[in-house]
Amino acid sequence: MIELTNPLLLAVILINFFTLGSARLGACIRVVALQGALLALLPLATHGMSGHALILGAGALLLKGIFIPTLLLRAIREVRIRREVEPIIGFVPTLIIGALTTAGAFIFADFLPLIAEHHEGFYVPTALATIFTGFLLLITRRKAITQILGYLLLENGIFIFGVLLSAAMPLMVEAGVLLDLLVGVFVMGIVLNQINREFSTLNTERLSALKE
Amino acid sequence: MNLLFSALIILFGGSLIALLTRKSTLATRVGTLSVLTATPLAICDALTVLIGGQPLALNLPWSVPGGEFALLLDPLAAFFVLPIAVLSLFCALYAGPYMRHDGQTRSLAPHWFLFNIMIVAMLLVVTAANTVLFLSAWEMMTISSFFLVAWNHRQEEVRKAAWLYLLVAHFGMVLLLALFILVSSYCGSLNFSDFGSLSQLPLSSASVLYLLALFGFGVKAGLFPVHIWLPDAHPAAPSHVSALMSGVLIKTAIYGILRFLCLLPPAPAWWGWLLALLGATGALYGISLAAQQRDIKRCLAYSTVENVGIIFLGLGFGMVATANGQPTIAMFAYAGGLLHLWNHALFKGVMFLGAGTLVHATGTRDMNRMGGLLRRMPLAGVLWIGGSLAISALPPLNGLVSEWLIYISLADAGITQQGFVALAPLLLIGLLGMVGALALLTFSRLIGICLLGEARDPVAANAHEAKPAMLISMGVPLAACLTIGLFPQGALRLLSTTLLQLTGNPIETELVSAVSPLGNAAVLLLFALGAITVVFVWLRHRRPQTQSTTWGCGYQFPSPRISYTGEGYSELALRHLLPKIMRPDISGGRINGMFPAPTKLAQQAHDPVLTRILLPLFISIANRFQRLRWLQQGQLPIYLCYIFITNTILMIWCLWAGRHAGG
């Protein structure tokens, strides 16, 4: 199955870079949706057509590929923003940092005490790289929408880890993770609206006014 | 075991149903009924184990990682299940009428939910045989009692008291977590049944575990330097909750300490001395502060510190005697400590419930606004006086029996030992005697100021008698107090299996023969008192007396306000007895000039440990941590960055540690 999964995972990494380098929010959301859809294929590609994998893939596709991106696209239509301007760290530097962390993830994964069958394939390094990218996005961007995207990427990274373990992990746990994600996005959506209404902007740095 | 388990199920089910009800009366009915049906079942099981001595066990599958729903009811656990079940029963009976007025303005559903959950948690704590189950039950107990303490959360002092309680309880929880992590990593298991290998521990690490257990549990028990939450939390809570907390909830901590003492290797003498000295200090400290309080429930709370101190003194001295190879003396001390634990549960229950009726009738906790209540609520007043007699260790009630046993053990140790070591137990006798004298002062003051004399305030003049259910729930425990006082041998027989588990020696006839004359004397005394009362009443009947006002010391218009206040009563004793640091703050009261202007005198009793040591300490720590405020920039990305850095470091550390451990 390595033949099929490795291109998938490489595509996931490329999408990571795209989100780091692009300023257009609409494109970013679509690309993250694409990543979610690709990840939905991953359980099937790894474990074959089992019922467990099907449920997992269908859940991921529905939530990450369709539902949440639709929500986000509607949100940016309503608050009328198109571009991420003035990130805290510029696009090129974040791309470079992203490349470095991805390389670091690949090196780091070699050191991890994994069982032999997890050593081959790009699962662990991709998962780590996606988590790092998600964090980078969360840290360096100002708009709340991009931060939600960062959160999604973070979850995608965890999902890749989960696929690796899905034989051992009960379905409940994964369902819990997906639910967690959904609730998280909802809460952030509400926060988003509130920030927008209160400060007429989506920049989260205004939140520092809440500091005691 | 099935009975106890079904009791737990009934209580838990009752709590959930009570939560769903909308009407306060329905919630009260459901809550009371579930407690009334469940507790007799628990009592049955506890008595079976206490009499037969055969432990009961129950194992159920539980899906929590590392957890096992393992319950074990051995004599030690049954010894604690019994007072928990008994006192819960009466507190639940009492709570209905006590809370009725409250229930008209707010829903009582949460109250009954939390109350039943608290009972479930206490029963689970003393029967749990698995670390995860024990700690979750312990936490459940803390949280439910926190919400019950904060029941009247609209008052700021209540919120503060509950907050202090939560903070201090979690400080203890941290120590307990450390204790259980150490123990289970040493034994390689989370089940209490596998903790047997603890008895091979070297003394130094066993001492660390002992100290962790002593202070981790001691925080809940009201051990002397960490008792600070207790005097605030008990007045804040509704009275039946204070009765339950003071009577049995804090005792679960003593259970924890005893359970660990059974598991750890034989205790060296200094463990016992530490416990006994902390206990004696706490007893003296608690009772001398109790004698200063105006708030009747705060006074009772400090008396709890005193009684817990006496229990610890007995248990600690039992450890000392065991370490010195004097099993008979150890048996006396342990028996005294354990019996005092039961006694305290009974009479402190009566005292707090009685204080509740007074508060219910007058709407105030300030004793200086009461007075003359015995005439307006004679039944509740008499029961309260009975409780006070028991708690001041007066014959023919039970307080004397347990303190008598501790006195005997101390005196025996002082007599049998040679040289300098004999001094310590004899000095402890002196301290215990002083505690007894101060307890007499405290409770004669409590009764005298609240119940006797004239009403000092309209609220006391309009007081009403308590409801029958409230009187029953005070009367039955008081009857139990009297029974133990008249027939102490029976109570000691019930204790025998627990004593066997703790000391390893069967109960000796010496112990029984030491208390049976006490019981006989108590019966004689009771008869004598009865005869005197009959004669007195007959004499009074024959020669009716005219009533007039008390002589006003020459004042033209004497009013009830010139009678003794609570402060006035205790002033003489305290001014000459207490060190300056323990005395209350007095402001005003100076009289200047030939024709002095009206002046005011106010007296405020503080807890010196809290106000002079702990508060300044924590304030200075908080000030130091102010410098770390620059970490908190209020910028979301920076916070996320912190999380990221922490996670990365943890991951690398895990990897690094794993490599080194793996070789």
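Tutor: Start with the contacts of B:G172. Leaving out residues up to four places away in sequence, B:G172 touches B:G216, B:V219 and B:K220. B:G172 sits in helix 6 of chain B, which covers residues 156-187. Now look along the chain to B:Q626. B:G172 and B:Q626 are 454 residues apart in sequence. In space, their C-alpha atoms are 25 Å apart.

Keep in mind that this is a predicted model. Chain B has an average pLDDT of 88, and 100% of its residues score at least 70. The model as a whole has an ipTM of 0.76 and a pTM of 0.81.

Next, take another glycine. B:G314 belongs to helix 12 of chain B, residues 296-323. Around B:G314 there are 29 other C-beta atoms within 10 Å, so B:G314 is buried. Its contacts, again not counting residues up to four places away in sequence, are B:A333, B:Y334, B:G336, B:G337, B:H340 and B:I406. B:G314 and B:A78 are 236 residues apart along the chain, and 20 Å separates their C-alpha atoms.

Now turn to helix 13 of chain B, which spans residues 327-362. Which helix packs against helix 13 at about 5°? The partner is helix 3 of chain B, residues 75-103, and the two axes are 10 Å apart. Angles under 35 degrees count as roughly parallel. Helix 3 and helix 13 of chain B are therefore roughly parallel to each other. On the helix 3 side, the contact is made by B:F79, B:P83, B:L87, B:F90, B:Y94 and B:Y98. On the helix 13 side, B:L338, B:W342, B:A345, B:G349, B:L353, B:G356 and B:H360 take part. An α-helix has 3.6 residues a turn, so residues three or four places apart point the same way.

The nonpolar core comes next. The largest one has 218 residues. Its members that touch the most other members are B:A42, B:V81, B:M122, B:L123, B:V125, B:V149 and B:A335. Helix 13 of chain B gives the most to this core, with 22 residues. Apart from neighbours within four places in sequence, B:V81 is in contact with B:A42, B:A46, B:L73, B:L123, B:V126 and B:T127. There is also a second, separate core of 47 residues, and among its members are A:L9, A:A40, A:Y123 and A:L149.

That brings in chain A. Chain A has eight helices and zero strands. Its pattern along the sequence reads α-α-α-α-α-α-α-α. Of its 212 residues, 39% count as buried. Take the contacts in chain A between residues at least 6 apart in sequence: 73% of them join residues at least 24 apart.

Back in chain B, consider helix 9, residues 239-249. How many of its 11 residues are buried? The count is 11 of the 11, so helix 9 is largely enclosed by the rest of the structure. The buried residues include B:S239 and B:H240 at one end of the list, and B:V248 and B:L249 at the other.

Now a loop. Helix 15 (378-391) and helix 16 (398-416) of chain B have a loop between them, and B:P396 is found there. The peptide bond from B:P395 to B:P396 is cis, with omega near 5°. B:A393 lies in the loop between helix 15 and helix 16 too. B:A393 is not a glycine, yet its phi is positive, at about 60°. B:A393 has 25 C-beta neighbours inside 10 Å, so it counts as buried.

Finish with the domains. The domain assignment of chain B gives domain 1 (271-539) and domain 2 (633-663). Taken over C-alpha atoms, the centres of these two domains are 56 Å apart. B:I645 is in helix 24 of chain B, residues 636-662. With 11 other C-beta atoms within 10 Å, B:I645 is exposed. B:I645 and B:E508 are 137 residues apart in sequence, and their C-alpha atoms are 65 Å apart in space.

Methods: Residues numbered from 1 in each chain as written. Chains lettered and ligands numbered in written order. Predicted model: local features only at pLDDT ≥ 70, side-chain atom pairs only at ≥ 80, totals over all residues. Domains from an automatic or database assignment. Buried ≥ 20, exposed ≤ 12 C-beta atoms within 10 Å, placed from the backbone. Helix = DSSP H or I, 4+ residues; strand = E, 2+ residues; numbered from the N terminus. pLDDT = per-residue confidence, 0-100. Core = buried A, V, L, I, M, F, W, Y, C linked by C-beta atoms within 7 Å. Contact = placed C-beta atoms within 7 Å. Axes fitted to C-alpha atoms, helices over the stretch in contact; angles between N-to-C directions. Parallel < 35°, antiparallel > 145°, perpendicular 65-115°, else oblique.
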